[in-house]
Amino acid sequence: MTNTAPTQALPQRKLSIQMCALLLIFTADPRLMKSVEPFIDLKNEAYDWEQIRKIPMGSGHLAAVSLAFGIWTDRVLEDSNPFELALNMDRPLQRACLQALSLRWGLKA
């Protein structure tokens, strides 16, 4: 399965590392991307986290969103344990989350 870019037109400038990391996570699962895409503003590099957190989702997607939030804000959501929930992710989503963390931290994977 290959990652697909959001249907929005990409901005002319280069995306930040954080934005690339989050897109890596979200595009790893087409259903997750479809759910969060309306709340991603690529032009302004912004996420509507309040709306994203209202989306009904399973524990694997919830873990991915929690990790994405942590990458974006450098903090952990109080009411989540993304590492425990990550056990419910499928392998491609787990891999994407690890790659996103590596990208955010500047590690070579």
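This is a predicted model: local features need pLDDT of at least 70, side-chain atom pairs count only at pLDDT 80 or more; totals for chains, interfaces and linings use all residues.
At 28% relative accessibility, serine 59 counts as partly exposed, because the value falls between the limits of 20% for buried and 50% for exposed. Apart from residues up to four places away in sequence, serine 59 touches Leu85 and Asn88. The C-alpha atom of serine 59 is separated by 9.5 Å from that of glutamate 84, which stands 25 residues apart from it along the chain.

The overall architecture gives this helix its setting. The secondary structure of the protein consists of six helices and two strands, and from the N terminus on the order of elements is α-α-β-β-α-α-α-α. The protein has 109 residues, of which 44% count as buried. Among contacts with a separation of 6 or more, 63% are accounted for by residues 24 or more positions apart. The accessible surface comes to about 6800 Å², and carbon and sulfur atoms hold 55% of it.

Helix H4 itself covers residues 59-73. Its 15 residues should span 21 Å at 1.5 Å a residue, and the C-alpha atoms at its ends are 21 Å apart, so expectation and model agree. The helix is mostly covered, with 11 of its 15 residues buried. These buried residues are Gly60, His61, Ala63, Ala64, Val65, Ser66, Leu67, Ala68, Phe69, Gly70 and Ile71. They pack against H1, helix H2 (30-36), helix H3 (49-54), helix H5 (82-85) and helix H6 (91-105).

Leaving aside neighbours within four places in sequence, the contacts of serine 66 are Leu77, Ser80 and Pro82.

Two of the helix partners of H4 can be followed in detail. Helix H1 (residues 17-26) packs with H4 at an angle of about 175°, and the two axes lie 9 Å apart. H1 and H4 are therefore roughly antiparallel to each other. On the H1 side the contact is made by Gln18, Met19, Ala21, Leu22, Ile25 and Phe26, and on the H4 side by Ala64, Val65, Ala68, Ile71 and Trp72. By class, the residues of the contact of H1 with H4 comprise 10 nonpolar, one polar and no charged.

The packing of H4 with H6 has an angle of about 5°, with the axes 11 Å apart. These two helices are therefore roughly parallel to each other. Here Gly60, His61, Ala64, Leu67 and Ile71 in H4 meet Leu93, Cys97, Ala100, Leu101 and Arg104 in H6. The contact of H4 with H6 has seven nonpolar, two polar and one charged residues.

H1 and H6 complete this set of pairings. They pack at an angle of about 175°, with their axes 8 Å apart. That angle makes H1 roughly antiparallel to H6. H1 contributes Ile17, Gln18, Cys20, Ala21, Leu24 and Ile25 to the contact, while H6 contributes Leu93, Ala96, Cys97, Gln99, Ala100, Leu103 and Arg104. The residues of the contact of H1 with H6 divide into 10 nonpolar, two polar and one charged.

Most residues other than glycine have a negative phi. Aspartate 74, which follows H4, has a positive phi of about 60° although it is not a glycine. Aspartate 74 lies in the loop between H4 and H5, and at 58% relative accessibility it counts as exposed, because that class begins over 50%.

Glutamate 45 likewise is not a glycine, and its phi is positive, at about 50°. Glutamate 45 is found in the loop between strand E1 (40-41) and strand E2 (46-47). With a relative accessible area of 14%, glutamate 45 is buried, whereas aspartate 74 is exposed.

Conventions
Residues are numbered from 1 along each chain as its sequence is written. Side-chain values use heavy atoms; hydrogens and water are left out. Axes are lines fitted to C-alpha atoms, for helices over the stretch in contact, and angles run from 0 to 180 degrees between N-to-C directions. Helices (H or I, at least four residues) and strands (E, at least two) are DSSP runs, numbered from the N terminus. Angles under 35 degrees count as roughly parallel, over 145 as roughly antiparallel, 65 to 115 as roughly perpendicular and the rest as oblique. Contact means heavy atoms within 4.5 Å. Ala, Val, Leu, Ile, Met, Phe, Trp, Tyr, Cys and Pro count as nonpolar, Asp, Glu, Lys and Arg as charged, and the others, Gly among them, as polar. The expected span of a helix is 1.5 Å times one less than its number of residues. Buried means under 20% relative accessible area, exposed over 50%, partly exposed in between (1.4 Å probe, protein chains only). Accessible areas come from the Shrake-Rupley method with a 1.4 Å probe; for residues, only the protein chains shown count as cover.
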